[in-house]
Amino acid sequence: MSYRRVRAICVKELHHITRDSRSLAMALAVPVLMLLLFGFALSLDVDRIPTMIYDQSQTAESRALVRQFQGSRFFEIREMVSDYASIERNIDRSRILMGVAIPLDYAKKLAAGREAQVQILLDGSDSNTASIALGYAESLVRSYSLELRTAALNHRAGERLAPPVDARLRVWYNSSLESKNYVVPGLIAVILQIIAALLTSLTIAREWEMGTMEQILSTPLRPAEMVLGKMFAYFAVGLTDATIAVLVGVFVFEVPFRGSLPLLAVSTCVFLFGALFWGIFISAATRTQVAAYQLGILSSFLPAFLLSGFIYSIENMPWVIQAITHIIPARYVVTILKGIFLKGVGLSVLWPELGFLALFALIVFLLATRKLNQKLG
Amino acid sequence: MNSVEIQDIVKTFGSFVAVDHVSLAVAKGEIFGFLGPNGAGKSTTIRVLCGLLTPTSGRASVNGFDVARQPEEIRRTIGYMSQKFSLYDDLTVEENIDFFTGIYGVPREKRAERKRYVLEMANLTERRNALTRTLSGGWKQRLALGCAILHDPPVLFLDEPTSGVDPLARGAFWALIHDLSETGHTIFVSTHYMDEAEYCHRLALMYRGKVIALGTPAELKAGLTAHSLLNLDSSDPLDTMRALEGLAGVLDVAVFGGGLHVTVDDVDATSARVRQRLAAQGIKVRKLEQIEPSMEDVFVALIEAEERKAA
Ligand SMILES: Nc1ncnc2c1ncn2[C@@H]1O[C@H](COP(=O)(O)OP(=O)(O)OP(=O)(O)O)[C@@H](O)[C@H]1O
Ligand SMILES: [Mg+2]
């Protein structure tokens, strides 16, 4: 391995990058645009859930429960109805997301100090939103009924007891329940993954198409030197992107940053190495720019978006898919970034993820080198 | 020691034989010309010698290093100009030179001197900051040659370095090749242009993967002297060809430029018969004279002989 040859490749590659100002502008602007676009669009904040209530009980207790719903910022009561059919019809037409049916014996059960159940009907077509809405509704109903039951018990006992259980909802790490805090760190990871693969996916295929590869292969340059030199040139672009993305996350989306900046820097670098090597590997394997570009997008975008746990939680996936996610680097970066941003955890917690990213980078580097080692035919 | 030695090299792509049992040797300091029509296997042979392709069978060595077993050593001691122009278009002249200086590992103390030499040789000193894309064909080829000799390799492989370059620039390019040969560099050069063959010390003619002739330009021409060549300029070359078919004493008729080259065994007797036959068919003969065979005549004759053998 010769430092001089690595540097020659890197300098040459930087000339390509700076001379093609349009591509460079794209490479720097696209991540920010993606972050803004997806950051706002994907903010999964579920509030003002359109809701209808069917109150069969028509008692003071049930009306008090309805007031609880009305008072919550998570629900917007569109209408009080008097049959199930209206709720079903409106869910079918997507005019509401949730229906609440309060049973006839609601007050009676509460008075008896028993669990009083409320029926919740949900539009399950968006399972994420549905499960979040269900969570809100459940916690609202449970804490309210608990309150009433405690009061009832107190009443019977003739004295004021402290409530047996304090079921107040407490959300860790993301205390204001704002999903942007949750989405943006993951989004940064996904965007970097895609950009890194796109940046490098053309670089070797272009040399094959231009015929410059044949010339280079006739020189003492070694494949490993070529892969490293190219990687470092695009690393400069990738790191700039990462810095911009983090700044946008912290200052535009106001995502709290609780962890260590050096750890963030190191993890981002290790991750970028792997993602850039991946693009180079694809480029070396396909040898044509069109194929490299398409494969680059496909192989970075899809896993990063779907299998990283950034939007779709991994625990809800079938076990085969869950197993696959273990080899997706984006999964580990998403964990690392969320950990550093939201939980402020350090290396003592995140070292397995960081270790995997380093291993991934090394393996892909070796793969890319081997692909380049092959001769003309 | 020979700079290049090839023994019975075969290179196949699938079932297609691109190089078919080729053997030859090139001495140090020689300008060795590699000629042949499209698809003859010239580039494939050169790629094998540069260690870019592994030969299917046979052995070859360059600078004493075996192409199959010591590609690293070979890459340090050769310069290669591939058939397709292969410098970076979006880099300046100087950036291209600096890049190749870096990957050839030219020692620090020699870098400035090599760069100056190459810029002067290619006559690009004034245009060192121009984007390579803006150079004309001749300049580009000289720059490509310059980049291939930055590390002063003893052997140079040039694959059709002058294709698509105007004749004046071609002349300048060949002057450079001669200078390099005089300073002890071995040059292995392929070309389509028959006039360039005359500039080479020795030639190989390749046809369908085989070397069908090998020797100095004079030797190859001498091989043809059993026959004589007539240059025939007539009012209608195509009719003339038809008319001369099967005429006693006419061995071969080939289109050459606007006229015909007729190979004959006996100049005087056959010339008379040709005039007679053409007059009988009403074809006017503007010129009929004996000429020295050119390299192209030699190769046309050799290839036709090869085809007759195959048929
Ligand atoms: N990688 C390859 N795979 C398959 N066939 C190939 C490959 N490289 C060359 N060939 C075939 O081998 C034959 C010889 O090709 P080669 O490039 O050596 O010819 P050439 O003499 O250099 O021709 P030209 O004057 O057109 O450059 C051609 O028919 C070509 O199609
Ligand atoms: Mg060729």
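**Close-up views of a predicted model**

View 1. In β4(B), Q7(B) has R59(B) as its bridge partner. Strand β1 (residues 2-13) and strand β4 (residues 57-62) of chain B run antiparallel and are joined by five bridges; helices (H or I, at least four residues) and strands (E, at least two) are DSSP runs, numbered from the N terminus.

Residues are numbered from 1 along each chain as its sequence is written, chains are lettered from A and ligands numbered from 1 in the order in which they are written, and side-chain values use heavy atoms, leaving out hydrogens and water.

**View 2. The surroundings of F188(B).** Leaving aside neighbours within four places in sequence, F188(B) is in contact (heavy atoms within 4.5 Å) with residues including V4(B), L24(B), F32(B) and I46(B).

**View 3. Q117(A) in its loop.** Look for Q117(A) between α5 (106-111) and β4 (119-122) of chain A. Q117(A) is exposed, with a relative accessible area of 59%; exposed means over 50%, buried under 20% and partly exposed in between (1.4 Å probe, protein chains only). Beyond its neighbours within four places in sequence, Q117(A) is in contact with P103(A) and Y106(A). The C-alpha atoms of Q117(A) and E138(A) are separated by 9.9 Å.

Technical notes
Predicted model: local features only at pLDDT ≥ 70, side-chain atom pairs only at ≥ 80, totals over all residues. Pairing = 2+ DSSP bridges.
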